[in-house]
Amino acid sequence: MAFNMDPKKCPMPAQDPQVRRHNFEEVALGYTAEMAVNEAKRCIHCKNRPCVEGCPVGIKIPEFIAQVAEGDFEAAYQIISEDSALPAVCGRVCPQESQCEGKCVRGGKGEPVAIGRVERFVADWAAEQGIANVATAQITYAARDSEYDGKRIRKGEIMSLENGKIVATSNDLTKAAYRLARSMCRKDSSFVTVISGCDVSDEDAERTTEIIKAKCPSHVEVSHIRGGQPVYYYMISVE
Ligand code: SF4
């Protein structure tokens with residue numbers, strides 16, 4: 001396999017600001033398959049695997065990246081799933097610059113391999129194929145007065161989003177979180193993960209997690225991770 005020795009990461013496409021002003025979808029659009037393969041080819045498969053040491057859950061990074069480079073995205077997803085249940089979330093909110101990518105040897109003379117972006121691509125691809133049994137949603141706020149689907153939304157209002165669509169609005173962050181988590185739970189759901197953003201204190205996140213626990217069916221295990229992500233007060237994942 002030919003390596004890609006470009007010192008820079010493949011850029012992540014993003015919505016044009018003029019388009020972004022009129023929707024609530026993610027600003028970063030994610031890699032295409034071609035971009036993901038191209039970026040994966042920047043990995044030189046170091047024997048000592050320093051990137052794995054930098055990953056808090058020890059994802060087998062060179063192995064999954066190698067599958068992406070070969071275009072076998074399902075194999076890549078299976079390898080990630082051995083160590084992580086939340087690649088779509090981690091690919092978006094983990095501070096990769098101080099974790100896996102911070103240890104990547106390609107970062108010595110250029111930019112590290114964009115491990116997070118490739119992980120996000122694999123997770124989104126698996127969700128599109130119906131392979132990933134994980135649903136994710138976000139809670140954020142309206143940055144301006146606007147109108148969406150014929151409904152007026154006031155600046156500062158709290159919005160629950162699924163697939164970039166507003167499914168509820170509220171003035172109470174805790175209520176928005178437990179209502180969203182409860183609506184996402186199906187009979188066969190086993191785990192809810194609440195990932196709190198940088199604008200939510202640990203105390204508030206723990207309290208919200210406890211309320212979600214009380215509102216969800218008793219067989220569902222609810223846990224909290226401090227993600228520290230900007231923009232989203234909470235990202236909620238149900239599997
Ligand atoms: S450190 Fe970077 S180049 Fe080396 S195996 Fe990990 S991702 Fe690939």
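Predicted model: local features only at pLDDT ≥ 70, side-chain atom pairs only at ≥ 80, totals over all residues.

A: Two strands are said to pair if DSSP finds at least two bridges between them.

Strand β4 covers residues 158-162, and 5 bridges join it to β5 in an antiparallel arrangement. Within this pairing, S160 stands opposite A168 of β5. Strand β4 also pairs with β1, again in the antiparallel sense, over 4 bridges. Here the bridge partner of Q138 is L161 in β4. The strand is mostly covered, as 4 of its 5 residues are buried.

Helix α9 leads on from this part of the chain. The residues A176, A177, Y178, L180 and A181 of α9 are buried. The elements that cover the buried residues of α9 include β1, β4 and β5. Also among them are β6, α10 (202-215) and β8 (234-238).

Strand β6, at residues 191-197, is likewise mostly covered, with 6 of its 7 residues buried. In contrast to the antiparallel pairing of β4 with β5, β6 runs parallel to β7 (residues 221-229), to which 7 bridges join it. One of the positions involved is S196, whose bridge partner in β7 is R226.

The contact between them takes 8 residues from domain 1 and 12 residues from domain 2. On the side of domain 1 that touches domain 2, the residues divide into 5 nonpolar, 1 polar and 2 charged.

Another region to examine is the ligand site. Of the 15 residues around the ligand, C43, C46, C51, P62 and C104 come nearest. The elements that give two or more residues to this shell are α3 (50-54) and α4 (61-69), and the largest share, 3 residues, comes from α4. By type, the shell consists of 12 nonpolar, 1 polar and 2 charged residues.

The loop between α2 (33-40) and α3 holds H45, which has a positive phi of about 55° although it is not a glycine. H45 is exposed because 12 other C-beta atoms lie within 10 Å, and 12 or fewer count as exposed. R49, in the loop between α2 and α3, has a positive phi of about 50° and is not a glycine either. With 17 other C-beta atoms within 10 Å, R49 is partly exposed.

C90 lies in helix α6 (residues 87-93) and is buried because 26 other C-beta atoms lie within 10 Å, where 20 or more are required. Leaving aside neighbours within four places in sequence, C90 is in contact with S84 and E119. V37 is 53 residues away from C90 in sequence and 19 Å away in space, C-alpha to C-alpha.

Methods
Residues numbered from 1 in each chain as written. Near = placed C-beta within 6 Å. Nonpolar A, V, L, I, M, F, W, Y, C, P; charged D, E, K, R; others polar. Contact = placed C-beta atoms within 7 Å.
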